[in-house]
Amino acid sequence: MTAASLIDRILTEVERATDEVVGFTSDLIRIPTVNPPGEFYEDCARFIGDHLGRLGHEVEYFAAEGRPEHTTRHPRVNVVGSRRGLAARPTVHLNGHFDVVPAGEGWTLDPFGGIVRDGRVYGRGSCDMKAGIAAAVYAVEAIRRAGVVLPGTVEVSGTVDEESGGFAGVAWLAEHGRLSPTRTDYCIIPEPLNVDRICVGHRGVYWFEVAARGHIAHGSMPFLGVSAIDGMSRLLQAIREELMPTLASRRTAVPVVPEGARAATLNVNGIFGGQPVDGIQTPCVADVCRAVFDRRFLLEEGFDRTKQEVEALLERVRALEPRVQYSLRDLMVVHPTRTPDDSPVIAALQGGIDRVLGKQAELIASPGTYDHKHVARIAGVPHCVAYGPGELEQAHQPDEYTRVDDIVNSTKVLALAVLDLTGALR
Ligand SMILES: [Zn+2]
């Protein structure tokens, strides 16, 4: 069979499977795998595993033993299906998280109904990212139905907890060697980043808490105390006047979208000081005020410089009122990640997008973070990207949907990328 006829047969098989891939997306949406707290994970893992088993995969389940969030009430169960071809390597791993964020307000239809209407599949997790899991499953299946025995191995996994950090999901598989350079060559994560875009990484995340401590006194004589709230407001002012303009002026060379996220950013997640405002009030100067910050840093900045900058700012603020004590506590650090420019996984998807959509793929990076970091940093597999159906802007929204066209097209692109990466087109 020539490469051209091979490709045509596989694309035809994806077309024929349209109802199945859409139906599988709907079925997954109907399992309300809401995180937090992590509902119905085991049901969803078994559902995906049973399906993969019927499609000829060898199926393994991995409960996240040792993780505190893996409990009897909310077990963290991951599933991996493998189809080995002529040889074990190269191995292409397609990974999707099956947890979804809570439905929230504002829906006009059942968020867990899996409703298909006007060429769209609606529901919580439709684009983020149950359509992506369905696309991965049927990309592999279309190759099988076309009668192709791959030169290497292809795997499809469904994992937990991406929305809450992925520690019992992809990170667990990476820590336990199930994703590793000794068995995994390429990884594609079908997150919703638009059907013609390839995501090559993300910025870094630094969540930290600052506590300001002053001195309590009677509220009628505030001059006898030291207000921690005043201390925190000095810090916020310094952040606004000194830090923010500096951050906004720094631009990364990594192609982060949207445009505004190409700069370094900072958000105040929350702040609390003094007495609860709904409680019974007593006349007291606030002795403690705490705030949590979300700093997104650039590959070029790095974590050390990012943290030093915060420490230096605290020093300057401390000098303004030495009686206020500031303490800094790290809550979470995610390092930035970027796929090498010459990675075969980028070229394979570019080829697929060109063939299926007739256009040049756009390379982007994500404003947020996703499981890529665990694949790159813990597993040590550098050849990882995100590519999948659905629009990023739809993620976590009411009336979330994915276009059926996008699901079918990205299934085709994924199938062609698997062919290319396993060496079937050579
Ligand atoms: Zn996602």
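# Zinc site, salt bridges and pockets

Q: What spacing do the donor residues of the zinc ion have in sequence?
A: In this predicted model, the donor residues of the zinc ion follow the pattern H-x30-D-x62-E. Aspartate 128 sits in helix H4 (residues 126–145), while glutamate 191 is in the loop between strand E7 (186–189) and strand E8 (197–202). These two residues are 63 residues apart and link distant parts of the chain.

Q: Which atoms coordinate the zinc ion, and what makes them donors?
A: The coordinating atoms are His97 (NE2), Asp128 (OD), Glu191 (OE) and Glu191 (OE), at 1.8 to 2.7 Å. A donor is an N, O or S atom within 2.8 Å of the metal, so these atoms qualify.

Q: Why is the site of the zinc ion called irregular?
A: The angles among its four donor atoms run from 53 to 147 degrees. A tetrahedral site needs all angles between 85 and 135 degrees, so this range excludes that label.

Q: Are aspartate 128 and glutamate 191 buried or exposed?
A: Both aspartate 128 and glutamate 191 are buried.

Q: Why do glutamate 60 and arginine 178 count as a salt bridge?
A: Their side chains meet at 3.0 Å, N to O. The limit is 4 Å between the side-chain nitrogen and the carboxyl oxygen, so the pair qualifies. Glutamate 60 lies in strand E1 and arginine 178 in the loop between helix H5 (170–175) and E7, so the contact ties together parts 118 residues apart in sequence. It is one of 30 salt bridges in the structure.

Q: What makes arginine 89 and aspartate 185 a salt bridge?
A: Their closest N and O atoms are 2.7 Å apart, within the 4 Å limit. Arginine 89 is in the loop between E2 and strand E3 (91–97) and aspartate 185 in the loop between H5 and E7, so the pair joins parts 96 residues apart in sequence. Arginine 89, at 33% relative accessibility, counts as partly exposed.

Q: Where in the chain are glutamate 209 and arginine 329, which meet in a salt bridge?
A: Glutamate 209 is in strand E9 and arginine 329 in strand E12, 120 residues apart. Their N to O distance is 2.9 Å. Glutamate 209 is buried at 9%, whereas arginine 329 is partly exposed at 45%.

Q: Which elements give two or more residues to the lining of the largest pocket?
A: The largest pocket holds about 510 Å³ of space. Among its 24 lining residues, the closest to its centre are Glu162, Glu163, Gly368, Thr369 and His396. Strand E9 (204–213) and strand E12 (325–334) give two or more residues each. By class, the lining has eleven nonpolar, seven polar and six charged residues.

Q: What classes of residue line the second largest pocket?
A: Its lining has one nonpolar, three polar and seven charged residues. Glu60, Arg89 and Arg178 are among them. The space in this pocket is about 220 Å³.

Notes:
Residues are numbered from 1 along each chain as its sequence is written. This is a predicted model: local features need pLDDT of at least 70, side-chain atom pairs count only at pLDDT 80 or more; totals for chains, interfaces and linings use all residues. Side-chain values use heavy atoms; hydrogens and water are left out. On a 1 Å grid over the protein atoms alone, a cavity is a set of points where a 1.4 Å probe fits but cannot get out, and a pocket is an open set with protein on both sides within 12 Å along at least five of seven lines; lining residues have an atom within 4 Å of a point. Grid points are joined across faces, edges and corners, and a volume is the space filled by probe spheres set on the points. Helices (H or I, at least four residues) and strands (E, at least two) are DSSP runs, numbered from the N terminus. Ala, Val, Leu, Ile, Met, Phe, Trp, Tyr, Cys and Pro count as nonpolar, Asp, Glu, Lys and Arg as charged, and the others, Gly among them, as polar. Donors are N, O and S atoms within 2.8 Å of the metal (3.2 Å for Na, K and Ca); water is not among the atoms, so sites may look incomplete. Four donors count as tetrahedral if all angles lie between 85 and 135 degrees; four count as square planar and six as octahedral if opposite donors are over 155 degrees apart and all others between 65 and 115; anything else is irregular. Buried means under 20% relative accessible area, exposed over 50%, partly exposed in between (1.4 Å probe, protein chains only).
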